[in-house]
Amino acid sequence: MSPPIIAVVGATGVVGRQVVAALHRQDVEPEDVRLFASTDSEGEELDYGDETLPVEKIEADAFRGVQAVILACPPNESRRIAAQARQQGCWIVDTSSADRVDLSVPLLSGRPNDAALLQQFSGRMVSLAHP
C-alpha cells in the first residue's frame, strides 16, 4: 500500500509552517506532501529538509488523490475548505476553532484523550485543541 498524500492548507502561516516541519520530522516523504495557501502565497516554495515544495492555491479539485488534509487556516476558511475536502473523500484535521462546539467532531488534545480516535464518529474530521 502506498503512503497517504497529506495536504497542508495554510502552509505559509505560522501554524502551517509548524505542521510542515512536523511532517518532515516524522519522515513523511516530500512527494507525499502538498502545500496550499491563499492566492497571495501561490508560487512560493517552502523548505522541506533539503528540498523545497511549491505552494498551490486551492482549486475546485485540489484534493483529488489526497487522503488527509490538515487545516491551519482561520475558522471561516476552514469550514469552507473542510466541506470541499470532505466532498473529495479526504480525512480532515482542523487546527482552527471552527468546529470546537460541534459534538459530531471529536476534539483531540494530544495524549489526554487519544482514545477518542478509537471510538466511532460520524464524520471524517477531527478538531485539535490548542491555546
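Student: How are helices defined and numbered here, and in which one is Pro75 placed?
Tutor: Helices are DSSP runs of H or I, at least four residues, numbered from the N terminus. The model is predicted.

Student: Is Pro75 buried, partly exposed or exposed?
Tutor: Buried means under 20% relative accessible area, and exposed means over 50%. Pro75 has 28% relative accessibility, so Pro75 counts as partly exposed.

Student: Which residues does Pro75 contact, leaving aside neighbours within four places in sequence?
Tutor: Ser97 is 22 residues from Pro75 in sequence, yet their C-alpha atoms are 5.9 Å apart. Pro75 is in contact with Ser96, Ser97 and Ala98.

Student: What is the distance between the end C-alpha atoms of α2?
Tutor: The helix has 13 residues, at 1.5 Å a residue.

Student: Within what arc do the buried residues of α2 fall?
Tutor: Ser78, Ile81, Ala82, Gln84 and Ala85 are buried in α2. Seen down the axis, these buried residues line one face of the helix, because they fall within an arc of 165°.

Student: Which residues are exposed on the other side of α2?
Tutor: The buried residues, among them Ile81, are on one side. Exposed on the other side are Asn76 and Gln87.

Student: Is Pro30 buried or exposed?
Tutor: Pro30 lies in the loop between α1 and β2. Pro30 touches Tyr48, Glu51 and Leu53. Its relative accessible area is 12%, so Pro30 is buried.

Methods:
Residues numbered from 1 in each chain as written. Predicted model: local features only at pLDDT ≥ 70, side-chain atom pairs only at ≥ 80, totals over all residues. Heavy atoms only, no water. Buried < 20%, exposed > 50% of the residue type's maximum accessible area, 1.4 Å probe, protein only. Contact = heavy atoms within 4.5 Å. Helix = DSSP H or I, 4+ residues; strand = E, 2+ residues; numbered from the N terminus. Expected span 1.5 Å × (residues − 1). Arc of directions from axis to C-beta.
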